[in-house]
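Please look over the sequence and the structure shown here before going on.

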Amino acid sequence: MIYLYVVEKEVDIMENKKELDKYLFIVSKDRPLSLEKHAWMKKNFEYVPYTDEDGESCMELETYKAYTALIMVMKKKYHLDVDSHSAWRSIATQEKVYKEMAEKYGEDWAKSHVAIPGTSEHHTGLAFDLRFKPSIVPESLRERAKQIIKKTGMQSKIFALIEKEAVKFGLIKRYDSSKEEITGVKGEAWHFRYVGVEHAKKMYESGMCLEEYVRELELKQKENKTTRVA
Ligand SMILES: [Zn+2]
């Protein structure tokens, strides 16, 4: 199966990005990766090697800087060890993950819980999944502490805290459960995406998800153009 799509609309999107902001593009079910977008990413972004539990990977440079700044702050201010267990993922890897999940839980489950290869934001190197462990708790008790955190609902509170700090470095929680209909993805408190500080702050304050925010900017841009012509 070929997972690289050529979407006609894509060319327009790329043209828009020149004026909008290069970090404000969307990879989703509705906007899968195209050959054009692939080439455009390679030309416009710098990628740095990065290793996590899954092995060697990479991250876009500004995303990596924001990620490291965030984990340092979480450690210093809250004694939380935060790290990523999934950053850039190739289309082939996503295909493998999808297949494994479909075999384990069935095709329907996989469809609603795992991004179809070519539609995952992890293909961009601008997104990663975070996890945390309380570093003040001795190593031997950490697993137990994690269970308690999960059971008592503290997990979502901690992710909300991470989100609040992440915004200061240009990172947004990409998939809020309240925006499922717009993003097409179930709530994922752990999935973060780099968009730049200014945009992240505006999105956080307004409660808009990336799709809504980009749509609004595009509308404003259109209005400005019309005003200029008039
Ligand atoms: Zn993710």
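## Packing of H3 and H7

In this predicted model, helix H3, which covers residues 61-78, packs with helix H7, which covers residues 154-167, at an angle of about 125 degrees, and their axes are 10 Å apart. Because angles from 65 to 115 degrees count as roughly perpendicular and those over 145 as roughly antiparallel, H3 is oblique to H7. The crossing of H3 and H7 is right-handed.

On the H3 side, Leu 70, Val 73, Met 74 and Tyr 78 make the contact, while H7 contributes Leu 161, Ile 162, Glu 165 and Ala 166. Seven of the residues in this contact of H3 with H7 are nonpolar and one is charged, with no polar residue taking part.

## Helix H6 and the residue after it

Helix H6, made up of residues 142-151, is hardly covered, for among its 10 residues the count of buried ones is zero. Just after H6, Gly 153 takes a positive phi of about 80 degrees.

## Confidence in the model

Taken over the chain, the mean pLDDT is 85, and 89% of the residues reach 70 or more. Among the elements, strand E5 (residues 171-175) has the highest mean pLDDT, 98, whereas helix H1 (residues 8-19) has the lowest, 47.

Over residues 1-15 the pLDDT stays under 50, and for this stretch the model has 22 contacts beyond four places in sequence. Where pLDDT is low, predicted coordinates should not be read in detail.

Note on methods
Residues numbered from 1 in each chain as written. Predicted model: local features only at pLDDT ≥ 70, side-chain atom pairs only at ≥ 80, totals over all residues. Axes fitted to C-alpha atoms, helices over the stretch in contact; angles between N-to-C directions. Helix = DSSP H or I, 4+ residues; strand = E, 2+ residues; numbered from the N terminus. Parallel < 35°, antiparallel > 145°, perpendicular 65-115°, else oblique. Left-handed = near helix turned anticlockwise from the far one by under 90°. Contact = placed C-beta atoms within 7 Å. Nonpolar A, V, L, I, M, F, W, Y, C, P; charged D, E, K, R; others polar. pLDDT = per-residue confidence, 0-100. Buried ≥ 20, exposed ≤ 12 C-beta atoms within 10 Å, placed from the backbone.
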